[in-house]
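Work through these exercises with the sequence and the 3D view side by side. Try each task before you read its solution.

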Amino acid sequence: MDKLSEEKLFKALMIASLAVVVGSLFVVVAVIVWNGAPALSLSMITQTPKGGYYLGKEGGILNAIVGSLYLAFGSLILALMISLPAALSLQKDYIGKTKAAYYIRLSLDVLWGTPSIVYGAFGFIIMLYLGMRASLLGGIIVLTILQLPIMIRSMEEVIKMVPADLKEASYTLGATRFETTALVVVKQALPGIVTGVILSFGRGIGDAASILFTAGYTDSLPRSLFDPVASLPLAIFFQLGTPFPEVQARAYASALVLLIIVLALSIASRALSKRFMKNIIR
Amino acid sequence: MSHITIQNLSAFYGDHHALRDITVEIPEKLITAIIGPSGCGKSTLLKCFNRLIDLTDGARVSGKIIVGNMDVLNGGTDVTDVRRRMGLLPQKPNPLPMSIYDNVAYGPRLHGVKEKKKLDEIVEKYLKIGGLWDEVRDRLKSPASKLSIGQQQRLCLARGLAVEPEIILCDEPTSALDPVSSQHIEQQLLKLKNDYTIVIVTHNIHQAMRLADYVIHLYLGELVEHGPANEVLENPKEERTRAYINGTFLADVKADQEINLKGNMCPYNFVYAKQALHALEKGKILKLIVDDPTAVTEVPRGMEAGGHEVVSVRQQNKTDWEIIIRKKS
Ligand SMILES: Nc1ncnc2c1ncn2[C@@H]1O[C@H](COP(=O)(O)OP(=O)(O)OP(=O)(O)O)[C@@H](O)[C@H]1O
Ligand SMILES: [Mg+2]
């Protein structure tokens with residue numbers, strides 16, 4: 001094959017794979033908007049379900065929206081507090097080259113691929129053992145564990161990319177390892193850290209199986225950490241499972257709400273991190 | 001007066017012996033140039049001074065380095081203390097991912113200066129000394145990475161000085177710069193030598209002549225010669241120093257014969273080189289290309305022992321070395 005047709009073939013491959021990506025995303029979004037937008041109303045996002053909501057009577061999914069936000073942000077903050085130090089300590093300046101680090105990475109990779117229902121079942125057993133019932137706190141903890149491997153591994157990958165001479169510059173000015181990590185490495189790796197956070201936020205807010213038993217479900221707004229809490233993925237699941245078309249349409253509307261939340265967060269966090277990113281060394 | 005005293009310093013990367021038993025003193029408030037062919041351990045020596053070599057996996061150092069009353073290599077010495085007494089100007093400028101202002105303020109902030117007014121003064125003072133103030137005074141808050149390479153290097157100089165070190169270490173500080181920026185850096189260094197002890201690694205003999213008061217010649221990890229610049233550069237005592245200086249002057253020596261000994265192990269490459277030299281007339285020049293690290297050291301040594309002149313030894317790329325020998329006997 002000559003160079004020119006090689007070039008053409010490669011270009012065709014790239015276009016085809018882009019088409020698959022954009023196309024499937026488009027179809028998913030289109031189906032959700034097509035089915036959900038007509039059912040989306042103000043009352044849907046401002047009210048909790050009234051009696052008979054799941055039969056097609058009035059009410060909304062405010063309980064699930066608020067519940068999901070609590071679950072997602074609660075677990076996001078908790079996971080971030082654990083993941084950032086963990087990812088930073090996997091640098092070669094700290095434990096990165098040790099045998100322990102190797103096994104930590106290995107177990108994180110295995111955890112990453114573990115189905116979320118396993119996390120849910122695991123959490124449920126622990127909670128039974130402790131005598132806890134399904135609650136916001138239980139859901140947050142299980143979601144945190146679910147997000148840890150994604151966050152730590154994706155952050156570690158970008159932290160590893162921080163050029164060695166930046167760290168050297170900091171060390172030669174008399175900085176300690178901690179100062180170098182906190183003031184230089186985190187700054188330089190920030191865009192990648194933000195990406196890791198968005199990735200795991202997406203997984204956290206979208207996951208149903210892990211919170212099915214651990215967070216439970218309720219039609220009222222969450223009042224405390226120890227009460228069960230509703231969530232959007234489960235709301236979608238329950239509504240889609242009813243035999244009534246108008247309730248199924250509401251399931252799509254709920255999915256649309258979920259989509260908008262994820263989109264809003266990624267746009268907002270990218271805009272925010274842009275302001276801090278202008279100093280990054282390329 | 002000597003400022004840095006080096007005694008029996010050896011450095012290893014794994015089992016590669018990068019510095020061999022170096023003993024030398026570096027004079028205070030003068031510019032000392034370290035010269036020598038690529039791979040001879042110049043950067044390694046600087047990294048021992050500020051213990052940056054601690055960050056290299058598998059590197060070991062033995063011997064003593066004394067700065068003032070501080071025992072640099074002693075495990076009990078606070079390494080951040082060592083480093084703040086020595087600024088480093090790297091080969092390739094490495095601004096930190098922050099604004100111009102924050103780059104200069106980075107060191108002082110680490111070491112406890114918090115007051116905004118004080119920091120402003122420090123930043124202005126050292127940017128002026130670095131010769132960058134006039135160009136950046138209106139955009140101190142803009143990212144350092146937006147500066148040109150030459151400006152970045154002057155920023156690195158200012159940033160290093162802001163920590164108030166006694167010693168400035170420079171590792172080929174101008175090799176990545178254009179001629180004008182290089183000249184700029186050289187002028188700053190000449191001004192700074194009144195207040196600082198400066199050690200500069202350079203490949204450029206002309207630069208050493210322009211700047212240095214004292215010269216140290218390293219060759220394959222060994223200290224070959226050291227002394228006042230005019231003596232070492234103009235009238236070296238050692239044959240190897242002369243060879244190095246000549247070699248860098250004669251950018252391309254015309255070889256009468258060239259043989260490629262890549263892929264050959266010691267002692268075969270030495271034997272082949274000897275045979276090739278044997279066939280030449282006296283005074284002719286033989287050029288060898290080798291890629292065996294042992295040959296790089298041993299072939300020139302053997303040739304010198306055999307009475308021939310080693311004109312130059314230069315690294316051509318990552319693996320290959322060029323050895324030029326003039327037949328003497
Ligand atoms: N991190 C490392 N690991 C292993 N070997 C190394 C390492 N750094 C340097 N060396 C080796 O140690 C020797 C001295 O290296 P050094 O960088 O000090 O040379 P140099 O004189 O500064 O060369 P140059 O002029 O090319 O910068 C070389 O043979 C080099 O290959
Ligand atoms: Mg070097």
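**Exercise 1. Into which domains is chain B divided?**

Solution. Start with the ground rules. This is a predicted model, where local features need pLDDT of at least 70, side-chain atom pairs count only at pLDDT 80 or more, and totals for chains, interfaces and linings use all residues. Residues are numbered from 1 along each chain as its sequence is written, chains are lettered from A and ligands numbered from 1 in the order in which they are written, and side-chain values use heavy atoms, with hydrogens and water left out.

Step 1: read the bounds. Chain B has domain 1 (2–95 + 166–245) and domain 2 (250–326). Such bounds come from an automatic or database domain assignment.

Step 2: Ten residues from domain 1 of chain B and twelve residues from domain 2 of chain B take part in the contact. Contact means heavy atoms within 4.5 Å.

**Exercise 2. How many bridges join β1(B) to β2(B)?**

Solution. Step 1: recall the rule. Strands of a sheet pair through backbone hydrogen bonds, either parallel or antiparallel. Two strands pair if DSSP finds at least two bridges between them.

Step 1: apply it. Eight bridges join β1 (residues 2–13) of chain B to β2(B), and the two run antiparallel. Tyr13(B) has His16(B) in β2(B) as its bridge partner.

Step 2: look at the turn. The hairpin of β1(B) and β2(B) has two residues between the strands. There, Gly14(B) takes a positive phi near 60°.

**Exercise 3. In what order do the four strands of the open sheet in chain B lie?**

Solution. Step 1: the order is β11-β12-β14-β13 (chain B), with mixed pairing.

Step 1: find the edges. β11 (257–260) and β13 (309–315) of chain B each have a single partner strand, so one side of each is left without a neighbour in the sheet.

Step 2: take one pair. Strands β12 (residues 285–290) and β14 (residues 321–326) of chain B are antiparallel and joined by six bridges. Leu286(B) has Ile325(B) in β14(B) as its bridge partner.

**Exercise 4. Why does the second largest pocket lie between domain 1 and domain 2 of chain B?**

Solution. Step 1: define the space. On a 1 Å grid over the protein atoms alone, a pocket is an open set with protein on both sides within 12 Å along at least five of seven lines; a cavity is a set of points where a 1.4 Å probe fits but cannot get out; lining residues have an atom within 4 Å of a point. Grid points are joined across faces, edges and corners, and a volume is the space filled by probe spheres set on the points.

Step 1: size it. The second largest pocket holds about 380 Å³. It is lined by 19 residues, and His16(B), Leu220(B), Pro293(B), Val296(B) and Trp321(B) are the closest to its centre.

Step 2: trace the lining. α12(B) gives the largest share, five residues.

Step 3: conclude. Both domains of chain B give residues to this lining, so the pocket lies between them.

**Exercise 5. Which residues line the largest cavity?**

Solution. Step 1: the lining is Gly87(B), Leu88(B), Leu89(B), Cys156(B), Leu157(B), Gly160(B), Leu161(B), Pro165(B) and Ile168(B).

Step 1: the volume of this cavity is about 50 Å³. α6(B) gives the most to its lining, with four residues.
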